[in-house]
Each structure stands twice: as structure tokens, then as C-alpha cells.
Amino acid sequence: MPAPQPAGTTPLVLFGGTFDPVHRAHISAARAVSRVLGDAPVHLLPNAVPPHRPQPLADGEQRLAMLSLACAPYPALTADDWELRQSGPSYSLNTLRHFRDRIGQRPLVFLIGADSFASLHQWHHWRDYTGLCHLAVVPRPDCPLARDEVQAAFPEASADALRQQPAGLRLMLQRPFLDVSATAIRDALARKGQCPALDDAVIAHIHRHHLYNVAHSPSEPDSDNEAP
Ligand code: ATP
């Protein structure tokens with residue numbers, strides 16, 4: 001008879017990003033990892049000053065508002081403004097240290113897309129992550145593999161193994177596998193005013209606040225031009 005498995009502890013999942021704007025692949029990834037880890041809570045954290053890329057088009061308040069709308073239907077997902085309230089570059093290392101201090105030995109999981117995993121060797125003090133968190137990696141089309149040294153630093157493991165220790169392992173998700181990017185979405189918004197990869201409430205917010213040079217859509221009158 002197999003030995004009974006210890007229940008383990010439900011991890012806390014952190015998902016950082018620009019979310020400029022949040023899209024279907026972000027929400028699907030967050031829901032997938034939550035489910036696989038036993039309905040684990042996922043905090044989605046928009047960054048204030050992304051260290052590896054140009055500044056976002058929408059400001060932090062707008063990105064947080066869109067994230068809150070997109071998370072609202074899913075009780076496990078929380079839009080978290082912690083990085084927006086910090087000054088200086090939004091290094092994930094600082095965020096991980098902050099949450100590690102708050103949760104003690106409970107498992108902490110850092111969710112990233114395969115493109116981020118492939119460039120992890122360039123991130124600020126990435127080797128220190130191994131003592132702070134697990135990784136959960138979501139596949140993304142046309143992404144190279146991470147370097148061998150990065151893969152070796154985080155040995156691949158099962159969801160159950162991640163629940164048994166605080167940090168240091170890597171969960172590779174097989175899905176979702178969605179060819180969606182915020183860059184392509186901003187482009188579609190400027191050309192067509194619509195994009196199927198966005199939540200309806202997020203699209204409505206973008207039109208209401210005239211974000212991303214949004215083109216007028218036939219279904220969405222421009223309130224600035226309406227008769228008083
Ligand atoms: P941009 O096109 O502006 O670079 P993005 O769509 O990549 O934006 P980010 O906010 O930069 O979105 O990404 C936050 C996190 O979500 C990153 O870890 C990224 O790898 C992941 N991610 C974004 N899109 C996908 C996707 N389609 N599949 C898997 N992971 C994704």
C-alpha cells in the first residue's frame with residue numbers, strides 16, 4: 001500500500017509583469033497555476049518601473065484598474081499594488097524578499113512565461129531566487145529554452161513537490177499555450193479599437209479612458225463627442 005502523502009501547504013503565487021494591458025494569456029496562466037497547486041491564491045503585481053524594458057504606455061493606476069477588472073470574476077486572483085507603491089526599479093528580487101518575510105516557510109511560487117524564463121540569467125541577482133521561491137513556467141510560442149545553468153538551479157518537480165518545501169523547484173506547465181502579447185494587443189487597439197484577447201470589462205475601460213491611442217469602434221461612442 002502506498003504511504004499516505006502529507007497534505008503539504010497551499011503555496012502563495014506571485015505573478016509580476018507590466019500588464020500593459022492585462023490579457024487572456026495572463027489570466028489563463030494565473031488560473032492554471034492556481035488550479036494545479038490546489039486553488040492557491042495568485043497575486044498579480046504590475047511593476048512601477050520595469051528594469052528590463054521601456055516604460056509602459058498606461059500609467060500604474062490604469063494598469064492596476066484593468067487588472068482588478070480582469071481578476072474580479074476569479075476569487076483566487078488578486079490585483080496587488082505592492083510594486084506600484086515602491087520607488088526605484090521594480091526588481092522582482094525585492095518583491096520576493098518582501099513576501100518571503102511575510103509568509104515564513106510557506107511555499108512561495110513565482111509565475112513566469114517561457115520568454116521570461118529564457119532570459120532569467122540576465123535578471124538582477126537571479127541566483128538568489130532559489131532560496132526565496134519556486135518557479136512555475138507557462139509555455140509560450142517560439143520561446144528558446146532557458147540556459148542550462150538556470151534549469152539546473154531550479155530542478156524540475158511536480159506540483160505536489162512544490163507544496164512540500166518553501167522554495168527551489170520548478171514546475172513546467174503544459175498549458176495554456178496562447179499566442180497573445182500585449183504588444184500585438186496595443187497595435188490592434190490602435191488600428192481596430194478591439195481585440196478578442198481582452199476581457200470585455202478591460203476593453204470598456206480602455207475606451208472610457210482613451211488608452212493606447214484606441215481607434216474608435218462602431219460599438220463604442222466617444223463620450224467626449226456626445227451632445228451634453
Ligand atoms: P509585452 O508584449 O508588452 O512585452 P506581455 O504580453 O509579454 O507584454 P507582460 O506584462 O510583459 O506581458 O508579461 C508578464 C508575464 O506574463 C511575463 O512573465 C510573461 O512571460 C508572461 N506572459 C505574457 N504573455 C504570455 C503568453 N502569451 N503566454 C505565457 N506567458 C505570457
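Predicted model: local features only at pLDDT ≥ 70, side-chain atom pairs only at ≥ 80, totals over all residues.
1. Residues are numbered from 1 along each chain as its sequence is written, and side-chain values use heavy atoms, with hydrogens and water left out.

2. Who sits around the ligand? There are 22 residues in that shell, and His23, Asp115, Leu178, Ala182 and Thr183 come nearest (near means a heavy atom within 4 Å). By class the shell splits into 9 nonpolar, 9 polar and 4 charged residues. For the classes, Ala, Val, Leu, Ile, Met, Phe, Trp, Tyr, Cys and Pro are nonpolar, Asp, Glu, Lys and Arg are charged, and the others, Gly among them, are polar.

3. On to the polar contacts (pairs of N or O atoms within 3.5 Å). Ala182 has a backbone N or O atom 2.8 Å from a ligand oxygen, and a polar backbone atom of Phe19 is 2.9 Å from an oxygen atom of the ligand. Ser116 uses its side chain instead, with a polar atom 3.0 Å from a ligand oxygen. On its own the ligand exposes 600 Å², and the protein buries 91% of that (Shrake-Rupley areas, 1.4 Å probe).

4. The ligand takes up the space of the largest pocket. A pocket here is an open set of points, on a 1 Å grid over the protein atoms alone, where a 1.4 Å probe fits, with protein on both sides within 12 Å along at least five of seven lines; lining residues have an atom within 4 Å of a point. A molecule sits in one if more than half of its atoms lie within 2 Å of its grid points.

5. That largest pocket holds about 920 Å³, a volume being the space filled by probe spheres set on the grid points. Its lining has 40 residues, with Gly17, Arg53, Asp115, Ser116 and Arg140 nearest the centre. Strand 4 supplies the largest share, 4 residues (strands are DSSP E runs of at least two residues, helices H or I runs of at least four). The lining divides into 18 nonpolar, 16 polar and 6 charged residues.

6. The second largest pocket comes in at about 150 Å³. Its lining includes Val22, His23, Arg24, Tyr74 and Asp199. Helix 1 gives the most, with 4 residues, and the classes are 7 nonpolar, 2 polar and 3 charged.

How values were computed:
Polar contact = N/O pair within 3.5 Å; in protein donor to acceptor, adjacent residues only side chain to side chain.
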